[in-house]
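Work through the exercises below with the sequence and the model side by side, trying each task before reading its solution.

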Amino acid sequence: MTTTLFDSFDLSGLQLTNRIVMAPLTRNRSPSAVPQPITATYYAQRASAGLIITEATVISAQGQGYANVPGLYTQQALDGWRAVTNVVHAKGGKIVVQLWHVGRISHYTLQPDNQPPVAPSAIQAQSKTYLIDADGQGSFVPTSLPRALAASELPGIIDDYRRAARAAIEVGFDGIEIHAANGYLIDQFLRLSSNHRSDDYGGNIENRARFLFAVVKAVTEEIGAARTGIRLSPVTPTNDIFDPEPQLLFEHVIRGLTSHALSYIHIIEGATGGTRNHQQGNTPFDYATLKQAYRDAGGKAAWMLNNSYDFALARQAIETGQADLIAFGRPFISNPDLVERLRKDSPLATPDTSTFYGGDEHGYTDYPFFRHVDYQES
Ligand code: 8OZ
């Protein structure tokens, strides 16, 4: 029998009702890093996804890089998330939280005591972050020049990941996803363009992957590998990130991840939110070889793919066994009932990009459900 997107899936003991995942989507509606009641409504509306991955959620004040993104490091934020997990579970959904440290993709005004953001090396990204002023006006501004982290500071950051993972489980999340993609702190360590260190965390591929492996080890020790997933973006240029040899780098990463029985590996193919065949280095990235390297090394985690999938491409990836799970991003913003629409082949609503980042319920919780009529009205 052919496997379909609508078949259930056993994610390391977590029973998903289908293989359609809501990808992490930054929405900037959490003032003081606290998820609001409307956040619970937003996720509850999307609880028919097989799995929800929350928007990127900051593990510490230092890990903060954008206005009004949520955190996991204050009691108020944890209370806000508790309301989210309660309502998603009440609707039969499953939800994991994405753990985030932005590294250099920040602005000093968002940092404790207006200090520079931290990074593997003191190299400013040619990138922007998002601020909201006292009048509520949002704007994109260049990221600040970071300072290089001392090796002696890394255990503290790894501990922040560990603490956030523990807190996530305590407020009812079904697991966590380590955000190692899109040019944020972990990815900054991985890639040559942002990591010019000469210590054990820089230079060759083994050294550049050391920080990622330390985070994975700490988090899995704390909450168990079965509750831990990870997101990687081998070739994305997002946030001014480049590596000349992504295939070698990410095959090393993926083999190293087989040391833990992780729940899933989440791969962004191509440029995040952009072209799927984006290339870094001299050859196109070979995703099938990456997956084979993982399986050959004994890796058993579910394989989740993402980036601009439509229904036909997703169906093909599942039917051919290329993927176990497909994460959809933007379609979930404007189609709370995306699973049902795909199942019934109903039209999809187009998201309004002007309400992606910041604002209120408009463009957040006011996208309608499709009216499905299963019988002939007489
Ligand atoms: C869009 C805007 C701000 C942040 C990512 C967390 O790219 C993000 C993000 C996306 O992973």
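**Exercise 1: the largest pocket**

The largest pocket has a volume of about 800 Å³. The model is a predicted one, in which local features need pLDDT of at least 70, side-chain atom pairs count only at pLDDT 80 or more, and totals for chains, interfaces and linings use all residues. Residues are numbered from 1 along each chain as its sequence is written, and side-chain values use heavy atoms, with hydrogens and water left out.

Task: find which residues lie nearest the centre of the largest pocket, and which elements supply its lining.

Solution. Begin with the terms: on a 1 Å grid over the protein atoms alone, a pocket is an open set of points where a 1.4 Å probe fits, with protein on both sides within 12 Å along at least five of seven lines, and lining residues have an atom within 4 Å of a point. The lining holds 34 residues, and P24, L25, T26, T272 and Y357 are those nearest the centre. Next come the elements (DSSP runs, helices being H or I of at least four residues and strands E of at least two): β5 (95–100), β7 (128–132), β14 (325–328) and α10 (330–334) each give at least two lining residues, and the largest share, 3 residues, belongs to α10. By class, the lining has 16 nonpolar, 14 polar and 4 charged residues.

**Exercise 2: α1 and α2**

Task: determine how helix α1 is oriented against helix α2, and which residues make the contact.

Solution. The axes of α1 (residues 37–45) and α2 (residues 75–90) lie 8 Å apart at an angle of about 25 degrees. α1 is therefore roughly parallel to α2, a term for angles under 35 degrees. The crossing of α1 past α2 is right-handed. In the contact (heavy atoms within 4.5 Å), T39, A40, Y43 and A44 of α1 meet W81, A83, V84, V87 and V88 of α2. These residues comprise 8 nonpolar, 1 polar and no charged.

**Exercise 3: α7 and α8**

Task: describe the packing of helix α7 with helix α8, and sort the contact residues by class.

Solution. Helix α7 (residues 246–256) packs with helix α8 (residues 287–296) at about 30 degrees, their axes being 9 Å apart, and the two are therefore roughly parallel to each other. Their crossing is right-handed. From α7 come Q247, F250, E251, I254 and R255, which meet T289, L290, A293 and Y294 in α8. Sorted by class, this contact has 5 nonpolar, 2 polar and 2 charged residues.

Conventions
Points joined across faces, edges and corners; volume = space filled by probe spheres on them. Nonpolar A, V, L, I, M, F, W, Y, C, P; charged D, E, K, R; others polar. Axes fitted to C-alpha atoms, helices over the stretch in contact; angles between N-to-C directions. Parallel < 35°, antiparallel > 145°, perpendicular 65-115°, else oblique. Left-handed = near helix turned anticlockwise from the far one by under 90°.
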